[in-house]
Amino acid sequence: MTHIIAEPCIGTKDTACVDVCPVECIHPMKDEPGFAEADQLYIDPDECIDCGACVSECPVEAIFAEEDLPEKWSAFYAKNVDYFKK
Ligand code: SF4
């Protein structure tokens with residue numbers, strides 16, 4: 001299980017979620033290469049502990065537990081996972 005960042009993050013990249021994640025699994029962070037180029041932020045599924053802390057921090061409600069991801073944004077599951085395969 002993991003949490004997923006979906007479409008509302010595109011163009012937003014607020015990073016409030018990054019600040020509260022206890023395992024620092026949301027990338028790219030502001031000081032990481034690729035931050036400016038990234039469409040959105042992503043959650044590393046191998047590191048996420050499903051604590052849920054990021055969900056309420058997101059100002060655009062872009063973060064969902066895997067089982068709560070709206071059907072219209074189902075493609076964002078793979079988009080998050082694939083980001084960490086590079
Ligand atoms: Fe980080 Fe918890 Fe959000 Fe997973 S659910 S990305 S561990 S804050």
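Modeller: Let me begin with a term: a cavity here is a set of grid points, taken over the protein atoms alone, where a 1.4 Å probe fits but cannot get out. Please also keep in mind that this is a predicted model.

Biologist: Fine. How many cavities of 30 Å³ or more does a search of the whole structure find?

Modeller: The search finds two.

Biologist: Which of the cavities does the ligand take up?

Modeller: The ligand takes the space of the second largest cavity, whose lining includes His3, Val23, Ile43 and Asp50, along with cysteines such as Cys21, Cys25 and Cys48. By class, that lining has nine nonpolar, two polar and one charged residues.

Biologist: And which residues come nearest to the ligand itself?

Modeller: There are 13 residues around the ligand, and those that come nearest are Cys21, Cys48, Cys51, Gly52 and Cys54. The shell around the ligand divides into ten nonpolar residues, two polar and one charged.

Biologist: Back to the largest cavity, then. What lines it?

Modeller: The largest cavity is lined by 15 residues, and Cys9, Asp14, Thr15, Cys17 and Cys58 are the ones nearest its centre. Sorted by class, its lining comes to ten nonpolar, two polar and three charged residues.

Biologist: Changing topic: what about the backbone, and where is the cis peptide bond?

Modeller: The bond from His27 to Pro28 is cis, with omega near -5°, and Pro28 belongs to the loop between β2 (26–27) and β3 (42–43). As background, most peptide bonds are trans, and most residues other than glycine have a negative phi.

Biologist: Which residues other than glycine have a positive phi, then?

Modeller: Glu24 is one of them, with phi near 50°, and Asp50 is another, with a positive phi of about 60°. Glu24 sits in the loop between α1 (16–20) and β2, whereas Asp50 is in the loop between β3 and α2.

Biologist: How accessible are Glu24 and Asp50?

Modeller: Glu24 has a relative accessible area of 54%, so it counts as exposed, the cut-off for that class being over 50%. Asp50, at 29%, is partly exposed, and Asp50 is also among the residues that line the second largest cavity, where the ligand sits.

Biologist: Now the salt bridges. How many are there by this rule?

Modeller: The count comes to one: the side chains of Lys85 and Asp82 meet at 3.5 Å, N to O.

Biologist: Is that pair buried or exposed?

Modeller: Lys85 is exposed, with a relative accessible area of 63%, while Asp82 is partly exposed, with a value of 39%. Neither residue is classed as buried, because that class requires a relative accessible area under 20%.

Biologist: One last item: where does Ser56 lie?

Modeller: Ser56 is part of helix α2, which covers residues 53–57, and it is exposed, with a relative accessible area of 64%.

Biologist: And how far apart are Ser56 and Leu41?

Modeller: In sequence, Ser56 and Leu41 are 15 residues apart, and in space they are 16 Å apart, taken from C-alpha to C-alpha.

Note on methods
Residues numbered from 1 in each chain as written. Predicted model: local features only at pLDDT ≥ 70, side-chain atom pairs only at ≥ 80, totals over all residues. Heavy atoms only, no water. Near = heavy atom within 4 Å. 1 Å grid on protein atoms, 1.4 Å probe; cavity = no way out; pocket = protein on both sides within 12 Å on 5 of 7 lines; lining within 4 Å. Sits in = over half its atoms within 2 Å of the grid points. Nonpolar A, V, L, I, M, F, W, Y, C, P; charged D, E, K, R; others polar. Salt bridge = Lys/Arg side-chain N within 4 Å of Asp/Glu carboxyl O. Buried < 20%, exposed > 50% of the residue type's maximum accessible area, 1.4 Å probe, protein only. Points joined across faces, edges and corners; volume = space filled by probe spheres on them. Helix = DSSP H or I, 4+ residues; strand = E, 2+ residues; numbered from the N terminus.
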